[in-house]
Amino acid sequence: MYENVWETVVKQIKESAEIHSVVLGGMGEPLLSPFFEKTVNELRDKNLHVTSNATLFRAKLTTDIVKNIHSFVVSIDGMQEQMYQGRGVVFDDLISNLDFLNYLKKMNNLDNPFLDIQFVVSRKNIQDIFPLMDVLASKNIRNIVISHLVPQNENQAGDILYSRYENKEMKEMFHKIKIHSFKRGLRMILPEVELKTERKCAFVDEDSTFITSSGEIVPCYRLSHPGREVIFGRPKSIRQYSFGNVINKTILQLWDDSRYVSFRNKIHNNHIPSCPDCDLVDGCGLVHDTEFDCEGVSPSCSDCMWSRKFVFCS
Ligand SMILES: C[S@@+](CC[C@H](N)C(=O)[O-])C[C@H]1O[C@@H](n2cnc3c(N)ncnc32)[C@H](O)[C@@H]1O
């Protein structure tokens with residue numbers, strides 16, 4: 001964030017009795033921010049959660065910082081080869097960073113920060129989950145959250161492990177994972193493997209919003225930045241969808257903006273179409289982007305893989 005945006009956001013959050021919890025995360029790495037320590041200090045009463053790749057734990061964390069953080073969600077998507085190829089991370093260094101956090105907690109008699117692991121699963125790394133559980137069993141982990149891949153290009157499209165219809169292979173695999181985690185004393189949170197009727201937006205249902213690095217108020221991670229998705233083989237452009245900027249209006253004014261309220265009502269009440277199981281999807285011109293759904297609601301959430309519980313963003 002630019003400093004003026006950061007100052008505005010932090011001031012508004014601190015002064016609002018209605019904001020109970022803050023997640024420092026998104027598409028970037030929060031520990032890289034020059035304001036990370038200041039942010040934790042300023043917002044220490046706001047039930048802070050941090051989503052991180054943990055690569056900077058040893059370099060950046062101190063007792064004064066960690067005691068003010070409620071939880072860390074750390075991304076680990078595989079063992080040595082996967083982590084190096086996929087993220088350029090040396091697995092043993094990463095594990096030693098988790099040890100460092102546990103050391104700080106132990107030395108200071110702290111229960112928090114709780115440590116959750118997020119594993120984005122695909123055909124490329126599914127087998128790594130078993131040895132990873134063996135390593136994590138002794139690392140004081142609260143939850144291992146498995147989330148599916150949202151392919152961002154056609155090359156990744158075949159790597160997904162969820163399907164529109166019956167998915168016996170993955171049900172059996174998740175059963176094996178559950179048994180293994182049970183033996184290791186680990187708690188797993190597993191995603192759906194088949195398309196279900198139920199849809200639920202965690203952002204809308206938990207009264208959450210997302211503030212981008214330039215101060216835009218957007219509904220969620222997915223609509224926070226331009227990007228691409230491939231949904232069951234169909235390419236889709238995603239654009240940022242902003243309800244306004246915190247420099248011009250307060251977070252609460254933007255939250256109460258009639259456009260945003262109406263959007264949340266539609267999503268909460270599921271008054272939106274469902275593209276993945278629509279008979280017309282292969283001929284529809286509206287599914288190529290998120291501009292509008294076929295009932296005129298903008299942005300379109302009808303193809304959202306988060307609402308189907310295929311993908312989790314903690
Ligand atoms: C984009 S990362 C950014 C936060 C932090 N720097 C990190 O590496 O975890 C936030 C979360 O999104 C997940 N993620 C990244 N790319 C994804 C994709 N294509 N599909 C599903 N989840 C993805 C990550 O594994 C992580 O849990």
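A residue is termed buried if 20 or more other C-beta atoms lie within 10 Å of its own, exposed if 12 or fewer do, and partly exposed in between, with C-beta atoms placed from the backbone. The structure described here is a predicted model, in which local features need pLDDT of at least 70 and side-chain atom pairs count only at pLDDT 80 or more, while totals for chains, interfaces and linings use all residues. Residues are numbered from 1 along each chain as its sequence is written.

Helices (H or I, at least four residues) and strands (E, at least two) are DSSP runs numbered from the N terminus. In helix α7 (residues 129-136), the residues I129, L132, M133 and L136 are buried. Seen down the axis of α7, these buried residues fall within an arc of 105°, so they line one face of the helix; the arc is that of the directions from the helix axis to the C-beta atoms. The buried residues of α7 pack against β4, β5 and α9 (168-184). V135 also belongs to helix α7, but V135 is partly exposed, with 15 other C-beta atoms within 10 Å. Between V135 and Y241 there are 106 residues of sequence separation and a C-alpha to C-alpha distance of 40 Å.

An open sheet is formed by 6 strands in the order β1-β2-β3-β4-β5-β6, with parallel pairing. The strands β1 (22-24) and β6 (188-189) stand at its edges, each with a single partner strand, so one side of each is left without a neighbour in the sheet. Two strands are taken to pair if DSSP finds at least two bridges between them. Within the sheet, β2 and β3 pair in the parallel sense over 4 bridges, and S52 stands opposite V74 in β3. Strand β3 (residues 71-75) is mostly covered, as 4 of its 5 residues are buried. The parallel strands β3 and β4 are joined by 5 bridges, with S75 opposite Q118 in β4. Between β4 and strand β5 (residues 143-148), parallel pairing extends over 6 bridges; here the bridge partner of D116 in β5 is N143.

A nonpolar core is a set of buried Ala, Val, Leu, Ile, Met, Phe, Trp, Tyr and Cys residues joined through C-beta atoms within 7 Å. The largest such core has 65 residues, and those with the most contacts inside it are L48, I69, V74, I117, F119, L136 and I144. Two residues are in contact if their C-beta atoms, placed from the backbone, lie within 7 Å. Not counting residues up to four places away in sequence, F119 touches I76, D77, I129, I144 and I146.

Antiparallel pairing occurs between strand β9 (residues 227-231) and strand β10 (residues 234-238), which are joined by 5 bridges. In this hairpin, with 2 residues between the strands, F232 takes a positive phi near 45°.
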